[in-house]
Amino acid sequence: RGITQAELAEKVGISRSTLVCVERGKPGAAIAIYFGVLSALGLLDSVRGVADPDSDMAGARLGLARLPGGGRAPSDR
């Protein structure tokens, strides 16, 4: 992307060593840091759908199942 680790780390507000942890996928890096890096690289829009409830069909089914009657319409009973 034409940016050094030091420049990216400064842009995100993290240390270079933390950025190296993100690049290596270390589990100790906070998710907010990942989003900060994605934002600084102009890639945040590519992950917006992950949190879009309209694209989470499994979550919608689970939510409906928690409703009284299991989320079924009266005609389904």
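Helices here are DSSP runs of H or I with at least four residues, strands are DSSP runs of E with at least two, and both are numbered from the N terminus. The model is predicted: local features need pLDDT of at least 70, side-chain atom pairs count only at pLDDT 80 or more, and totals for chains, interfaces and linings use all residues. Residues are numbered from 1 along each chain as its sequence is written, and side-chain values use heavy atoms, with hydrogens and water left out.

**View 1. The protein chain has four helices and zero strands.** Along the sequence the pattern is α-α-α-α. Of the 77 residues in the protein chain, 12% are buried (under 20% relative accessible area; exposed is over 50% and partly exposed lies in between, with a 1.4 Å probe and protein chains only). The protein chain has an accessible surface of about 5800 Å² (Shrake-Rupley method, 1.4 Å probe; for residues, only the protein chains shown count as cover). Carbon and sulfur atoms account for 57% of that surface. Taking contacts (heavy atoms within 4.5 Å) between residues at least 6 apart in sequence, 26% join residues at least 24 apart.

**View 2. Helix α1 packs against helix α2.** The angle between α1 (residues 5-12) and α2 (residues 16-23) is about 100°, and their axes are 9 Å apart. This makes α1 roughly perpendicular to α2 (65 to 115 degrees; under 35 is roughly parallel, over 145 roughly antiparallel and the rest oblique). Axes are lines fitted to C-alpha atoms, for helices over the stretch in contact, and angles run from 0 to 180 degrees between N-to-C directions. On the α1 side the contact involves Q5, A6, L8 and A9, which meet R16, L19, V20 and E23 of α2. By class, these residues are five nonpolar, one polar and two charged (nonpolar: Ala, Val, Leu, Ile, Met, Phe, Trp, Tyr, Cys and Pro; charged: Asp, Glu, Lys and Arg; polar: the others, Gly among them).

**View 3. Helix α2 packs against helix α3.** Here the axes are 11 Å apart and the angle is about 95°. The two helices α2 and α3 are therefore roughly perpendicular. T18, L19, C21 and V22 of α2 meet I33, Y34 and V37 of α3. This contact has six nonpolar residues, one polar and no charged ones. Beyond neighbours within four places in sequence, V22 is in contact with A29, I33, Y34 and V37.

**View 4. The largest nonpolar core has eight residues.** Its members are L8, A9, I14, L19, V22, A29, V37 and A40 (a set of buried Ala, Val, Leu, Ile, Met, Phe, Trp, Tyr and Cys residues joined through side-chain atoms within 4.5 Å). At least two residues of this core come from each of α1, α2 and α3 (31-40).

**View 5. C21 lies in helix α2, and S39 lies in helix α3.** C21 is partly exposed, with a relative accessible area of 30%. From C-alpha to C-alpha, S39 and K11 are 9.9 Å apart in space, and they are 28 residues apart in sequence.
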